[in-house]
Amino acid sequence: MLTIAVSKGRIFEEALPLLAAAGIRPVENPNTSRKLILATTRDDIRLVIIRAADVPTFVEYGAADLGIAGKDVLLEHDSAGLYEPLDLGIARCRLMIAAPIDRKLVEGRIRVATKYVKSTQNYFARKGRQVEVIKLYGSMELAPLVGLSDCIVDLVDTGNTLRANGLKPLELIENISSRLVVNKAAMKMKHAAIDELVRILEQEARNVRTQEN
Ligand code: AMP
């Protein structure tokens, strides 16, 4: 039995066609079912439905053999305990610095509000810039509007959320997409099954990319 950890929402929706290529279709819709363990059309594969930020933890501890997680989440997690064999190319977006349209980032120490503390600290450290990082769990866009911070670091897709709040993107920190992650022990113990799955997902992700171009 292989257990795959995945979060609801955009990652799940975009992962469905890739999983279907491997014959994996959940027998229930996680958006309507309250079940956290979903059987699939393959009796050797089940899905566990968890918060996106928890996927690396479940996989690292072997509670799931594999997982699908955004690079944004993986950058915040110490990924030494995981293999990351495949960029699935789904749920793409950008991790960016953004600030109010009418404001320039001042020289010197600035305050940055974000959920992505590690990525933010690493980015500004690479630039040799002193910042105070304020950890938030959501609604980052609000922080510079009410004087909590000078700017934010958040995921940007269409840019609509920034625009709606009078913010503009300033600098790209990282291009983000979802990755397949694998538990290290499972990679050894269930090598044949995992290897086969990785190859099918890799081929399907490539097909999707070719169709897009
Ligand atoms: P947008 O308004 O299209 O730029 O989307 C930005 C909002 O959606 C932000 O609040 C992000 O946190 C969220 N978002 C966009 N893309 C993703 C993604 N791939 N994974 C998770 N959250 C995302």
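Helix H3 gives the largest share of the lining of the largest pocket, three residues. The structure is a predicted model, and this pocket has a volume of about 730 Å³. Its lining is made up of 28 residues, and those closest to the centre of the pocket are Ala-52, Asp-72, Val-73, Lys-115 and Tyr-116. The elements that contribute two or more residues to the lining are H1, helix H3 (71-76) and strand S9 (151-156).

Helix H8 runs over residues 191-212, 22 residues in total. From its first C-alpha to its last it reaches 31 Å, close to the 32 Å expected at 1.5 Å a residue. The buried residues of H8 are Ile-194, Leu-197, Val-198, Leu-201 and Ala-205. They lie on the same side of H8, because the arc they cover around the axis is only 100°. On the face of H8 turned away from the buried side are the exposed residues Ala-192, Arg-199, Thr-210 and Gln-211.

A polar atom of the Asn-183 side chain lies 3.0 Å from the backbone nitrogen of Ala-185. With neighbours within four places in sequence left aside, Asn-183 is in contact with Val-59, Glu-60, Tyr-61, Gly-62, Ala-64, Asp-65 and Tyr-83.

Two loop residues remain to be described, and the backbone angle phi is the place to start. Phi of Ala-91 is near 50°, a positive value in a residue other than glycine. Ala-91 is found in the loop between S5 and strand S6 (93-100). Its relative accessible area is 10%, so Ala-91 is buried. Ser-139 is likewise not a glycine, and has a positive phi of about 45°. This residue lies in the loop between strand S8 (131-135) and helix H5 (142-145). Ser-139 counts as exposed because its relative accessibility is 56%, and exposed residues are those over 50%. Positive phi thus occurs here in Ala-91, which is buried, and in Ser-139, which is exposed.

Technical notes:
Residues numbered from 1 in each chain as written. Predicted model: local features only at pLDDT ≥ 70, side-chain atom pairs only at ≥ 80, totals over all residues. Heavy atoms only, no water. Polar contact = N/O pair within 3.5 Å; in protein donor to acceptor, adjacent residues only side chain to side chain. Contact = heavy atoms within 4.5 Å. Helix = DSSP H or I, 4+ residues; strand = E, 2+ residues; numbered from the N terminus. Expected span 1.5 Å × (residues − 1). Buried < 20%, exposed > 50% of the residue type's maximum accessible area, 1.4 Å probe, protein only. Arc of directions from axis to C-beta. 1 Å grid on protein atoms, 1.4 Å probe; cavity = no way out; pocket = protein on both sides within 12 Å on 5 of 7 lines; lining within 4 Å. Points joined across faces, edges and corners; volume = space filled by probe spheres on them.
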